Amino acid sequence: FLIEKIFHLVQDVYHWSQQSMIWLLALVFLYAFIVLLNARWVKSEKNIKGSGIPQVEAELKGLMSLSWWSVLWKKFVLGILAIASGLMLGREGPSIQLGAMSGKGVSKFLNLSAAEERALIASGAAAGLAAAFNAPIAGLLFVVEEVYRHFSRFFWVST
């Protein structure tokens, strides 16, 4: 919803910029704001840059522990700003990371075990990919093949 509304606003400003240089200046300031915000947030939270898939894989292998709330809200806001303003941003990587961090947040809220947390992170990643492409089975198979790499009844039931 936000992406669509902001995108239409940016399109209107593009049309208005043909009439007045002030609107063109407004666009320049908008893009400068997005770039500076991105630079500042990436400096404070390095795990929001890139696709996010390597970070999710490292989280599931136990090689890193991401700050789920920091990654979730910063990547969400930057994703909305980037896509709505017409900048390039793939949808599969960020969706997987947002889903995985949502799953980790739920596991922290419910105070689950490490195995259950891993299953929720993998399930969230599958849900993120399924939502991005409207393909739930593809999301499940992608996570089993690329991220989780382990067939278990517990994982299949949770996703």
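The chain has 8 helices and 0 strands, where helices (H or I, at least four residues) and strands (E, at least two) are DSSP runs numbered from the N terminus. The model is predicted: local features need pLDDT of at least 70, side-chain atom pairs count only at pLDDT 80 or more, and totals for chains, interfaces and linings use all residues. Residues are numbered from 1 along each chain as its sequence is written, and side-chain values use heavy atoms, with hydrogens and water left out.

**Exercise 1.** State where confidence is lowest and highest in the chain.

*Solution.* Begin with pLDDT, the predictor's confidence in each residue, from 0 to 100. Its average over the chain is 86, and 92% of the residues score at least 70.

**Exercise 2.** Describe how helix α2 packs with helix α4.

*Solution.* Step one is geometry: α2 (residues 21-44) and α4 (residues 68-84) pack at an angle of about 160°, with axes 11 Å apart. The pair is therefore roughly antiparallel, a term for angles over 145 degrees. Angles run from 0 to 180 degrees between N-to-C directions, and axes are lines fitted to C-alpha atoms, for helices over the stretch in contact.

Step two lists the contacts (heavy atoms within 4.5 Å). From α2, F33, I34, L37, N38, W41 and S44 meet W73, K74, V77, L78 and L81 of α4. These residues divide into 8 nonpolar, 2 polar and 1 charged, with Ala, Val, Leu, Ile, Met, Phe, Trp, Tyr, Cys and Pro counted as nonpolar, Asp, Glu, Lys and Arg as charged, and the others, Gly among them, as polar.

How values were computed: Parallel < 35°, antiparallel > 145°, perpendicular 65-115°, else oblique.
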